[in-house]
Amino acid sequence: MATRNSDRAELDHSILTWINETPWTQDEERFDILARQLFAHQFARCAPYARFAQGRGLTPESIESWHEIPAVPAAAFKEMALRSFPESETKKTFRTSGTSGQKRGELHLDTLSLYEASLLASLRTLLLADLEPRRTMIRVLAPSAEEAPDSSLSHMFSVLLKDFGSPESGFDVTDGTLQDAALIERLQASSSSNEPLVLCGTAFAFVHLLDHLGERKLRLACPPGSRIMETGGFKGRSREVSRDVLHAELARCFGIKPSLVINQYGMTELGSQFYDSRLVDPSGSNRKCVPPWVRVRLVDPESSLEVEPGETGMVTIYDLANTGSVAAVQTADLGRWISGGTGGFEVLGRRSGEEERGCSIAADEMLSRDEPY
Amino acid sequence: MSNPTIHWPDARAEQLQAARGRLEVAAQGLAARHREDVVRPLGQLLERFRDPESRWHQALIDGTVEQAGFSRETVSAGLKLGLANWSAEALAEMVQREFPTENKVGGRKLVPFPMTSVVLAGAIPMPNLLASMMPLLVGSPALIKPAARDALTPVLLSHCLSDLDAELGACIEVTPFPSTDTACLGPFLSSECVVASGSDETIREIAHQLAPSQRFVGYGHKLSLAVVNANTLRQRNHSDELARCLSADIALWDQLGCLSPACVYVVGESATEATSRLLESLADALADRAQQWPRGEVPEEVRAAIKQQRDEAEMRRAGGEDLQLLHSRDTAWTIIAETSGEWRPAPLHRFIRLHPVAGHEALLRAVQPMAGHLSSVALAGFESASPLRSSLVNGLARLGVCRVCPPGLLQAPALDWPHDGRAVLQPLARYLDSGNPEHGH
């Protein structure tokens with residue numbers, strides 16, 4: 001087995017230590033030091049990233065804080081391999097969803113240790129804290145990692161089941177099809193139990209399940225303390241539903257408290273995820289919680305500067321768990337702080353703007369619609 | 001005590017039914033009119049809207065600026081160019097060409113639909129102006145659902161026409177309502193003829209709600225292009241002049257119309273070098289246009305998409321691609337000189353890619369994915385009547401292009417341009433072959 005660079009090993013160890021610490025403690029100085037060390041490491045080992053940074057006049061020596069670390073656009077992961085390690089040491093590659101013929105973003109990993117530690121720490125703290133130490137029935141409305149080996153979401157769910165799931169846990173999408181009848185039967189059988197269960201999956205899978213329940217005029221009564229975690233969007237899949245409407249329907253149709261319907265914001269290009277704060281702070285404003293090893297900036301697309309509190313900006317993420325790739329990623333999503341700094345943010349929905357353009361359309365939308373689901 | 005469910009009458013639905021009732025009455029008067037008594041007032045109406053000094057033209061500018069968010073300068077320039085040839089004379093000629101004999105075509109009698117419902121879309125006044133008038137020109141009163149960002153054009157048209165000819169003005173009713181209002185949508189779509197513009201999804205949804213017996217004329221997703229002969233760009237002054245013209249096509253209506261170029265193809269063996277020259281010239285030209293015709297309101301998510309695309313281009317260059325990127329300090333304009341014909345996302349709002357391709361076969365291959373969604377092409381540097389131009393135009397036509405024009409005139413189609421490859425009025429017409437020699441040849 002190749003020995004990873006010792007600097008990298010030390011960096012991974014420092015970050016992993018922080019990820020595994022409980023309770024979560026924000027530490028600005030610690031983050032700044034690690035982020036700048038990671039930038040220096042990635043600058044030295046990922047040539048396109050170094051050229052990108054240099055093109056902006058930025059080097060590890062020139063920056064004075066993590067805020068200045070240049071963020072690559074998420075779309076860049078479709079254009080080139082953003083690795084900070086030799087290609088021969090690739091252990092796993094996750095790919096964004098898309099049909100064949102479409103370019104897909106890729107996250108290359110030479111180790112899964114930080115990736116899995118980060119996802120488990122967030123799940124434990126923000127979704128499952130009150131359920132531990134017992135194992136819980138977890139049903140997943142997504143394919144397993146065996147069926148979708150390049151899906152980061154499926155991998156996440158597989159790790160979740162391995163570490164937290166009871167023997168009754170499993171995946172309810174097989175061969176690309178949601179096994180809704182079998183799942184509903186299982187949930188109906190569990191309704192008389194006092195043991196809470198966890199349902200998690202993609203938003204569009206939940207919409208399909210809700211439609212199925214609606215057609216059969218069924219409502220379920222999940223045991224007290226049960227919760228739902230949904231993630232992802234709807235583009236090109238099922239009908240679009242606003243998040244608020246989806247959550248209200250999920251709470252109603254599954255007999256789950258609204259504060260226990262949680263959204264996860266994440267993406268293939270990142271090693272960490274963001275969860276709604278409802279479970280850990282039911283009385284506060286709902287916001288996406290930022291783990292201590294991650295920072296978020298909201299950036300004005302006109303000036304590239306950080307926006308003022310209350311204003312909208314592009315969600316730009318600095319994720320220390322992304323040691324093997326590029327830690328600083330700029331998304332095309334818009335967000336707003338709920339309570340400034342590391343307090344939490346909300347991700348804003350997008351207007352389609354189609355009818356405003358009459359019969360014209362941004363060609364990329366047109367081309368993506370012409371492709372099969 | 002139980003809470004009774006109260007079903008309030010839907011005021012909008014009642015107003016729509018009342019509008020339908022008024023049009024049914026107006027239809028009788030319309031049917032009795034000679035064609036000239038429809039064409040003349042509508043021609044006068046066009047002249048009023050064309051005249052920059054008229055209050056109607058000014059009201060159209062004011063309303064478009066307020067509702068659509070374009071800058072006043074852009075709207076003024078866009079209307080001046082777009083309405084330049086939409087004269088009373090052009091209108092009369094169009095009607096004469098499509099219907100050489102009043103109420104007859106080829107011996108068959110024109111039988112107007114009792115009512116035509118028109119769904120408008122977009123934010124640009126000219127197409128909405130024409131679409132609102134079209135039913136009257138074939139003898140059918142028009143029930144109009146205005147576009148969300150251009151609620152004013154059909155209202156202004158109705159008022160202007162009533163001012164010119166009250167009885168004819170009564171043949172237009174404008175009924176705004178949200179598309180989700182099913183109490184209104186059903187009655188609105190019950191007309192014998194329905195004309196709709198909008199996204200492909202909208203057109204599909206409307207078609208799905210209609211009976212097979214109803215006439216449906218749908219205008220869905222379209223985009224336009226510019227195609228430039230690389231040889232034309234050998235000299236800087238040629239490049240500058242071409243860029244000036246292209247910048248008008250791009251900047252007007254902030255690149256949001258179906259006639260706005262989504263990208264530019266530079267065709268020829270020296271296409272890569274020519275693209276670089278065009279990049280520099282177009283950057284200067286778009287910077288000038290940003291001063292002359294400032295860009296209007298832009299949604300936050302579009303600004304974010306523009307920044308993403310710019311950063312992605314920067315990253316691709318860092319990854320070794322030989323592309324070039326020029327842009328304003330803010331997001332006002334962006335040009336990316338690509339290295340191939342491969343299609344890439346286009347946020348619009350004055351964001352344009354230049355694609356070099358080796359020849360016209362390569363161009364047609366690059367454009368093939370858009371077949372069926374193409375509208376107009378601005379063609380530059382190809383000698384008229386040359387075999388090359390002819391071959392290129394024929395190839396584009398097979399992919400659905402229905403209009404070719406010089407650069408700078410994409411936003412100035414003739415009144416009778418074949419929108420989606422169709423005649424303007426014929427799709428709304430209905431004929432009777434009565435077998436009566438009086439109505440025959």
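Residues are numbered from 1 along each chain as its sequence is written, and chains are lettered from A and ligands numbered from 1 in the order in which they are written. In this predicted model local features need pLDDT of at least 70, side-chain atom pairs count only at pLDDT 80 or more, and totals for chains, interfaces and linings use all residues, while side-chain values use heavy atoms, with hydrogens and water left out.

Colleague: In what order do the 5 strands of the open sheet in chain B stand?

Modeller: Strands (DSSP runs of E, at least two residues; helices are runs of H or I, at least four, both numbered from the N terminus) pair if DSSP finds at least two bridges between them. In this sheet of chain B the pairing is parallel. Strand 5 (172-174) and strand 7 (215-219) of chain B each have a single partner strand, so one side of each lacks a neighbour in the sheet. The order is 5-4-3-6-7.

Colleague: Which residue in strand 7 of chain B is the bridge partner of B:Val194?

Modeller: Strand 6 (residues 193-197) of chain B runs parallel to strand 7 of chain B, and 5 bridges join them. The partner of B:Val194 in strand 7 of chain B is B:Phe216.

Colleague: At about what angle does helix 10 of chain B run to strand 7 of chain B?

Modeller: Angles run from 0 to 180 degrees between N-to-C directions, with axes as lines fitted to C-alpha atoms, for helices over the stretch in contact; contact means heavy atoms within 4.5 Å. Helix 10 (residues 200-209) of chain B packs on the sheet and touches strand 3, strand 6 and strand 7 of chain B. Its direction and that of strand 7 of chain B make an angle of about 175°.

Colleague: What area is buried between chain B and chain A?

Modeller: Buried area is the accessible area (1.4 Å probe) that two parts lose on being put together, summed over both. The contact takes 45 residues from chain B and 42 residues from chain A. Carbon and sulfur atoms give 58% of the buried area, which is about 3700 Å².

Colleague: Which helix of chain B gives the most residues to the side that touches chain A?

Modeller: Helix 10 and helix 13 (300-318) of chain B each supply at least two residues of that side. With 12 residues, the largest contribution is that of helix 13 of chain B.

Colleague: In what order do the 7 strands of the other open sheet in chain B stand?

Modeller: The pairing in this sheet is mixed. Strand 10 (324-327) and strand 14 (403-405) of chain B stand at the edges with a single partner strand each, so one side of each has no neighbour in the sheet. The order is 10-11-12-9-8-13-14.

Colleague: How many residues apart in sequence are the parts that A:Asp110 and A:Arg8 tie together?

Modeller: A salt bridge is a side-chain nitrogen of Lys or Arg within 4 Å of a carboxyl oxygen of Asp or Glu, and A:Asp110 forms one with A:Arg8, the closest N and O atoms being 2.8 Å apart. A:Asp110 lies in the loop between strand 3 (106-109) and helix 5 (113-126) of chain A, whereas A:Arg8 lies in helix 1 (residues 6-20) of chain A, so the pair ties together parts whose separation in sequence is 102 residues.
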